[in-house]
Each structure stands twice: as C-alpha cells, then as structure tokens.
Amino acid sequence: PEKVISEKHKFYLENPLNHRIYQGLAEENDIRRELKKLQQLSSFGFATIKKINDPTNFLPSDLHTTQLQQQSAYGFSFYGGNRQAYYEELLESTQNVRKAVKDYTQIAGIESEEDKHQGYYRLGVLRMDVDGLGKVFSKGLSQMEHLPAYATLSAQLDLFFSGYLNTIREESQELRNHLNIIYSGGDDIFAVGRWDQAIAFAERLRADFRSFVNNREEISISGGLVLVNPKFPIGKSANYAGEAEDKAKDFGKKEGTAEAKKNAICLFDVPISWEGEFEKVKALKGQLIDFRSSGHLTAGFLQKMIDFQQVKDLHLRDITKDSKPDLSFLWTSAFYISRVQERFRKLPKIDPIQEFLSEVKHEFFTAVKDGGRYFDLLAVAARWTELELRMEAIEN
C-alpha cells in the first residue's frame, strides 16, 4: 500500500523540496517527548529516525515496544560544527543559548571596548580538504579493486570529517571557547577561530587524519589559513582562505608541470610542507620566543627576518628571460647576522644564541641551493613569534 503521511503527522514535519519527503528536527532534550507524540500516528510506522552526532544510546528503548514502528528505520548520522563557542558560566546562569553564544569579535578575544584599541586580535579563517581525492577514486589505492571498497572509503572519510572533527574540538577547552566549525563533510573543512587556535586546530586535524589513513602516502590533506579583522566579512575571508588553500595545493609544483607535492598548509601567505617544514617552523618559533624573552634578540631582528624573505623573493624573480637573479641578498643577510653575533662574542660557541645565529648565517649564505627556502621558513617563524608575544603581553 502507498505510504501516506497523515495531516496530523505533517504538523511536525517540513517538505522543503516539495517531493513528498518530509523531515523534522527535535531538540535533544525533547526527543523522547516528541517521539512519544509521534508514536500515536499510524504514518509514523514508515519513518526513518536518526539521532544526530550521538551514536551512543541514540534511541529510547521503549520505541520498540509498539507495533507501529516495525517498518521504521533507526540510526544515527553526523555533521560537522554541531556546537558553537559560548560563555559557559553565562549559559549556566541564564539557560539561554542565544545569550551565551559568542560572536566573532568575542571568539577573536575582544571582551571589552579597551580591547578594541590595544593588542592583536584576529580571526584565523581556515579551509582544508583532502589532496587529489578524485585521483584516489579514479586510479584507486593498492588492493582496492571493487566498488564496496570505494564505498567504504567514502563513508569512512565522511565519518572523519563530519563526525570526528567535532571530537577534536570538544576535547580542547581552548578550541571550544575560541573556534567554530562552520562546515565539515565529505573531505572539506571550513572553520573560523582565534588565529592561534585556528593554527592549532589545523595541526591537530592533520596529525589525526594521518593516523586515520594509517600514514598512507596516497592520501594527504592541505589547507590555507588567513588572518582577518573580526569585523571583516566572513564570505570574503572564505575566498581569501580558498586562495591560500590553492597555494598549498600548488606547493612543490615545478614550472611547466601539472604535478605538485601538495600536503601543505599556507600560513602567513607562505605554503609550508607538513612533512618536516612545519615542525622546523615551530622549532624556529620556539627558539625566537626564548631569545626574545631573554632579551638576546629584539623585535627589530624579527622584522629583519621578514624583510630578508621579501628581498629574497624580489631578487630571485627574473625580470626577463635573459637576466640572472641578483644573489647579493645572500651575503648582505649573512653579514647582518655576523653583526648581531658581535654582541655575543664573549659567549662560548656552544651557547644557544651563538649556535642559533651560526645556523641562520650558514643557511642564509647557502640558501640558493633550494631557492632560499630557509628565508621563507624563518620569516614565517618570525611572524608567528611576533604575534604570539603580542598576545602574551596582553594576557599578562
């Protein structure tokens, strides 16, 4: 017989596509009460009932005691971004989610009028997705030859990006308080949060994804992150983050070829490989923070590292096909480091600051071997250090 949804049943449902496919949504706390009402409707016997983002204890046991539900289907599904950042104490006192939810300025860390006029408050807008997923499905992974295997891969990827990403966010109080997952599903992620938490989220996501795919080289993930003012339109920010993501996906592409290494993140407008380079940048950042905190290095030193990268890019860019790049930046930058070393000439060579500066000078002078890559990594580390120390100054 035709499955007819009663008019009384339709009261609880919506038909957005006008295809006689009705859908309804009940609050988690009211799910049992709503379902008990629906049990009284004969048309409820043809329903598909799903608990969202909660696979444990997802159905009341008394649903199975009636005959009406014998033809219904039961299950659960996931979607990314089921929680927003909010003030926990305010929610507890008011029991009003709307009043407790944070807007973008608050997520960025602005809590008062004074904050607007001092300090560094930026949103990190992050977009990530799996590299070359179409190629993975078209050419296949080794030992994958049948449609069920591809269906399983697709389902597992959706499980990670629609479901597990919520777990990553919920496990960290800083992420819960300062980052929202705007969209996540299939193999795409779009998240907005305080700039440092957006970086932390991207790093954790990539690490967990590598474990999820058992470190298979065929499946990697790239992303782009841009920093914007909290009042800047999110739609525009998403476009900029998409452009940064494209840079990451073009990472390692040689001129005249279509292949790229990918597996990278574009941070501060510089694509960085997840394999080795990101950890190197973090290590350099850690050293710079220590030397700035101890007074060995100045804010001017950090800015100089950023300037050197810009000069390197300018000099390595050929103006014409016949011109040769100007490599004078190699020795001018190395000479600058030598002058800084003069301040520490009385310290032993094994002192951390001496070892650090010796490494930088050597890498600067020999950077042409890999297109000046060290300049890029140190500039990103310097920018990251600068912003992190500005945040620490505000908090202290």
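These legends accompany close-up views of a predicted model.

View 1. On the H12 side you will find Lys280, Leu284, Gln287, Leu288 and Phe291, which meet Pro352, Ile353, Phe356 and Glu359 of H15. Sorted by class, six residues of this contact are nonpolar, one is polar and two are charged.

**View 2. Helices H14 and H15 run roughly antiparallel.** In this view H15 turns up again, now with H14 as its partner. The two axes come within 8 Å and cross at roughly 165°, which makes H14 roughly antiparallel to H15. H14 passes H15 in a left-handed crossing. From H14, the contact takes in Leu330, Trp331, Ser333, Ala334, Ile337, Ser338, Val340 and Gln341. Facing them in H15 are Gln354, Leu357, Ser358, Val360, Lys361, Phe364 and Phe365. The contact of H14 with H15 counts nine nonpolar, five polar and one charged residues.

**View 3. Helices H13 and H14 are roughly antiparallel to each other.** Let us stay with H14 and turn to its packing with H13, residues 299-316. The axes of H13 and H14 come within 9 Å, with a crossing angle of roughly 165°; the two helices are therefore roughly antiparallel. This crossing is left-handed. H13 contributes Gly300, Phe301, Lys304, Met305, Phe308, Val311, Lys312, His315 and Leu316. Their partners in H14 are Ser328, Phe329, Ser333, Tyr336, Ile337 and Val340. By class, the contact of H13 with H14 divides into nine nonpolar, four polar and two charged residues.

**View 4. Phe160 and Phe209 form an edge-to-face pair.** The model has 15 aromatic pairs, and this is one of them. The ring centres of Phe160 and Phe209 are 5.4 Å apart, with 65° between the planes. Phe160 belongs to helix H8 (residues 147-170) and Phe209 to helix H10 (residues 195-212), so the pair ties together parts 49 residues apart in sequence.

**View 5. Phe329 and Phe375 make an edge-to-face pair.** With centres 5.4 Å apart and planes at 70°, these rings count as edge-to-face because their planes are over 60 degrees apart. The pair links distant parts of the chain, 46 residues apart: Phe329 sits in helix H14 (residues 328-342) and Phe375 in helix H16 (residues 373-395). Both Phe329 and Phe375 are buried.

**View 6. Glu245 is a buried residue of helix H11.** Glu245 has its place in H11, which spans residues 234-249. Its relative accessibility is 7%, so Glu245 counts as buried, the limit being under 20%. Which residues is Glu245 in contact with, leaving aside its neighbours within four places in sequence? The contacts of Glu245 are Arg127, Met128, Asp129, Ser222, Gly223 and Gly224.

Technical notes. Residues numbered from 1 in each chain as written. Predicted model: local features only at pLDDT ≥ 70, side-chain atom pairs only at ≥ 80, totals over all residues. Heavy atoms only, no water. Contact = heavy atoms within 4.5 Å. Helix = DSSP H or I, 4+ residues; strand = E, 2+ residues; numbered from the N terminus. Nonpolar A, V, L, I, M, F, W, Y, C, P; charged D, E, K, R; others polar. Phe/Tyr/Trp six-rings, centres within 6.5 Å; stacked < 30°, edge-to-face > 60°. Buried < 20%, exposed > 50% of the residue type's maximum accessible area, 1.4 Å probe, protein only. Axes fitted to C-alpha atoms, helices over the stretch in contact; angles between N-to-C directions. Parallel < 35°, antiparallel > 145°, perpendicular 65-115°, else oblique. Left-handed = near helix turned anticlockwise from the far one by under 90°.
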